[in-house]
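User: I would like to learn how to read a structure like this one. Can we go through it feature by feature?

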Amino acid sequence: MQAVMNSFRETLANARHVLILTGSGVSAESGIPTFRGPGGFWRKYQATSLATPEAFAANPSLVWEFYEYRRALVKKVHPNEAHRAIAEFQERLAKKNRRVTIVTQNIDELHQVAGAKNVLELHGSLFRTRCTKCKIKETNHGIPICPALAGDISAEPNFVSSNIPLDELPRCSVQSCKGLLRPDIVWFGEGLDSDILDKTSEAVETCDACLIVGTSSIVYPAAMFAPQVAQRGVPVAEFNLETTPATREFQYHFEGPCTVTIPDALADPAAAASEED
Ligand code: BV8
Ligand code: ZN
């Protein structure tokens, strides 16, 4: 294993533009449940059944309770060794005029909290809202996001919904609008932001090394990018607890918790060399 890791580290040492794609597995050890692990449920719902425009239209209170629960949870946790190693790697390469593009499926902003720059959020963020009426997008880190969503939001399986009246859910701050806000998050069946997709495609086309970290590679179009890099003949390394439907596409697969494997892969060769002296 170490010889294989050394060969991948060698690839990174010469790379001019590294693409790092992450999924919920990179935040798992910070205490945020992944989608397909045991934590993929909230109350009696599959997370993915609430992450849809239909669910929001049918019961906006329930969907806001789901997202406020996750906003409050994320505010209580911290980036882990994998987030930090990725941010430090990006900073170190930037000093040598080499690029590291970070593309995440996560909406927890933990890469940014760890210091990563220009993170491309394929599926949006828990801390941005979009007005369903005037479409204005606003950053919002407030907990609770509105008085009606204050207090401990239950995750108890039998707790159905607080049925918060529409006018007490988050509303647009534009006086003449006051429209109902939604999380600025890409739900199933919704298109991704075209500017984010363009920047991601540019990185897929131009990178000369790629890491894919903590994703089951099930959700599209996010699952398509790393295989596209591999098809260009560029080395791709998958970091996961297990193999995935995409593993066979990649040159490397490093099995284990990413808080162990990612710091090992991204460690500064100069620091390692000076330690040996
Ligand atoms: C679109 C925000 C069209 C919401 C998310 C049938 C076939 C193929 C595709 C489809 C289909 N039916 C429908 C589709 C399309 C659909 C899709 O792909 N569905 C899947 C389920 C089949 N995609 C869409 O709907 C997308 N939009 O196609 O629109 C369109 C186009 C133009 C115009 C209009 C419409 C939109 C998808 C985005 C949905 N939003 N997130 C929210 O978060 O609430 S997706 C959400 O789920 C995440 O963002 C992420 O993308 C996905 C979860 O996946 P992972 O991150 O991989 O997490 P998971 O739990 O699955 O895996 C964790 C991994 O980490 C595991 O492998 C585990 O082993 C590993 N791990 C765990 N711990 C660790 C670890 N690894 C290392 N260390 C550890 N410690
Ligand atoms: Zn508005």
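This is a predicted model: local features need pLDDT of at least 70, side-chain atom pairs count only at pLDDT 80 or more; totals for chains, interfaces and linings use all residues.

User: In what order do the six strands of the open sheet run?

Analyst: Start with the terms. Strands (E, at least two residues) and helices (H or I, at least four) are DSSP runs, numbered from the N terminus. Two strands pair if DSSP finds at least two bridges between them. Here the order is S5-S4-S1-S9-S10-S11, with parallel pairing. Strand S5 (120–121) and strand S11 (252–255) are the edges; each pairs on one side only. Strand S1 (residues 17–22) and strand S9 (residues 209–213) share five bridges. Leu 21 has Ile 212 in S9 as its bridge partner.

User: Which strand does S6 run antiparallel to?

Analyst: Strand S6 (residues 124–131) is joined to S8 by four bridges. Cys 131 stands opposite Leu 181 in S8. Five of the five residues of S8 (residues 181–185) are buried.

User: Why does Thr 101 count as buried?

Analyst: Buried means under 20% relative accessible area, exposed over 50%, and partly exposed in between (1.4 Å probe, protein chains only). Thr 101 counts as buried because its relative accessibility is 11%. Thr 101 sits in strand S4 (residues 99–104). A contact means heavy atoms within 4.5 Å. Beyond four places in sequence, Thr 101 touches His 17, Val 18, Leu 19, Ile 20, Leu 120 and Ala 203. A polar contact is a pair of N or O atoms within 3.5 Å; within protein, one must be able to donate a hydrogen and the other to accept it, and residues adjacent in sequence count only if both atoms are side-chain atoms. The side chains of Thr 101 and His 17 form one at 2.7 Å.

User: How many residues surround ligand 1?

Analyst: A residue is near a molecule if one of its heavy atoms lies within 4 Å of it. Ligand 1 has 33 around it, and Arg 36, Gln 105, Gly 189, Ser 216 and Asn 240 are the closest. A polar side-chain atom of Ser 24 lies 2.7 Å from a ligand 1 oxygen. A backbone N or O atom of Gly 189 is also 2.7 Å from an oxygen atom of ligand 1.

Technical notes
Residues are numbered from 1 along each chain as its sequence is written. Chains are lettered from A and ligands numbered from 1 in the order in which they are written. Side-chain values use heavy atoms; hydrogens and water are left out.
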